[in-house]
Amino acid sequence: MHGVGQEFRGPETMHQLAGPAVRDGVRLAGGPRLQEDDIDCAFFGDLFFAPGSRSWDLPPWDEYDVDGELELELLEAWWARAAELDDAVWGPDRPGGRGVVGYVASRALLVQRVRAALDALSASRFFAGTSDRLLIFALKQVRRYMTEPQLRLDVQARVAQEVREDTRVIVGHSLGSVVAYEALCAHPEWPVTEFVTLGSPLGLRSVIFDRLEPPPVDMVGSWPGGIERWTNVADPGDVVALVNTLASRFGPRVTDVPITNGVQMHDLRRYLTAHATGAAIAAGLPDHVEADQR
């Protein structure tokens with residue numbers, strides 16, 4: 001399951017992007033040589049466009065279009081994390097800062113605050129070269145998935161379409177890890193034994209964790225379906241993986257593995273070709289070769 005930013009692709013083009021990376025990761029980790037048809041890609045990017053309205057450009061969004069508490073909280077969280085990781089980014093908590101949501105009483109001040117956040121993020125290593133429109137589109141995709149019930153069901157249905165009797169491993173990247181988690185929770189009957197999350201925002205309170213289905217109980221998230229093992233792989237410099245260890249949110253059965261993806265901290269292919277990811281996937285394959293996760 002892919003994350004945001006893939007909306008102009010499709011299931012076959014996602015397969016061309018992710019399939020070879022999965023095969024490489026498993027092979028480099030000492031696992032079996034997978035075939036092309038051993039891997040399926042559940043694609044959902046098109047669901048964020050109205051039918052027949054997809055274009056090769058995005059609306060001319062700017063600071064005036066970041067709206068609603070969830071979008072504002074997520075923007076603030078990205079900003080704070082980027083400032084924490086990158087000395088070139090000034091933080092949202094500098095003197096006089098009240099946080100984005102703290103400006104709700106004044107629309108003019110709120111817009112100024114959002115503009116400052118977008119400018120700060122554009123100066124970070126993580127978001128360098130990302131336009132305001134793409135940043136805002138990412139905010140809106142997360143907000144829509146977490147708050148629109150029918151869209152949520154439609155996206156999860158894309159996962160269900162790809163699960164077969166011999167499916168053993170589900171891998172979710174970024175927002176796709178949230179989708180995959182909720183789909184697994186809704187289908188404990190699936191034959192999946194391994195869950196691998198990459199650059200996952202599942203641990204982010206309020207915006208995602210507190211809104212999960214099923215909801216957490218006593219601040220602990222549900223174990224996803226009937227899986228036997230859950231491996232969470234995260235680059236500590238990945239701004240999207242705001243809480244890069246998930247055992248604190250979902251219990252000690254989660255294995256958190258830190259890796260380094262270089263300057264492209266959130267890149268899907270870098271995650272998929274990592275030794276830790278390949279080993280976690282290989283562990284769920286019937287004829288896998290044991291490999292450590294160093």
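## The sheet

Two strands count as paired if DSSP finds at least two bridges between them. In this predicted model, five bridges join β1 to β2 (residues 194–198), and the two run parallel. H173 stands opposite L198 in β2.

The open sheet has four strands in the order β1-β2-β3-β4, with parallel pairing. Its edge strands are β1 (169–173) and β4 (254–258), each pairing on one side only. From one strand to the next, the twist averages 15°. Helix α9 (residues 275–282) lies across β1, β2, β3 (229–234) and β4. Its direction is at about 160° to β2.

## Aromatic pairs

The model holds 13 aromatic pairs. In one of them, the ring centres of F49 and F137 are 5.9 Å apart and the planes meet at 45°, so the pair is tilted. F49 sits in the loop between α1 (11–28) and α2 (69–85), and F137 in helix α4 (residues 132–147).

F209 and F250 have ring centres 5.5 Å apart and planes at 85°, so the pair is edge-to-face. F209 lies in the loop between β2 and β3, F250 in helix α7 (residues 247–250), 41 residues apart. F209 is buried at 0% relative accessible area. F250 is also buried, at 4%.

Ring pairs link Y181, F195, F209, W223, W230 and F250 into a cluster.

## Charges over rings

R249 places its charged end over the ring of F209, 5.6 Å from the centre. The charged end of K140 sits over the ring of W61, 5.7 Å from its centre.

Key. Residues are numbered from 1 along each chain as its sequence is written. This is a predicted model: local features need pLDDT of at least 70, side-chain atom pairs count only at pLDDT 80 or more; totals for chains, interfaces and linings use all residues. Side-chain values use heavy atoms; hydrogens and water are left out. Axes are lines fitted to C-alpha atoms, for helices over the stretch in contact, and angles run from 0 to 180 degrees between N-to-C directions. Contact means heavy atoms within 4.5 Å. Rings of Phe, Tyr and Trp (its six-membered ring) pair if their centres lie within 6.5 Å; planes under 30 degrees apart count as stacked, over 60 as edge-to-face and the rest as tilted. Buried means under 20% relative accessible area, exposed over 50%, partly exposed in between (1.4 Å probe, protein chains only). A charge sits over a ring if NZ of Lys or CZ of Arg is within 6 Å of the ring centre and within 35 degrees of the ring normal.
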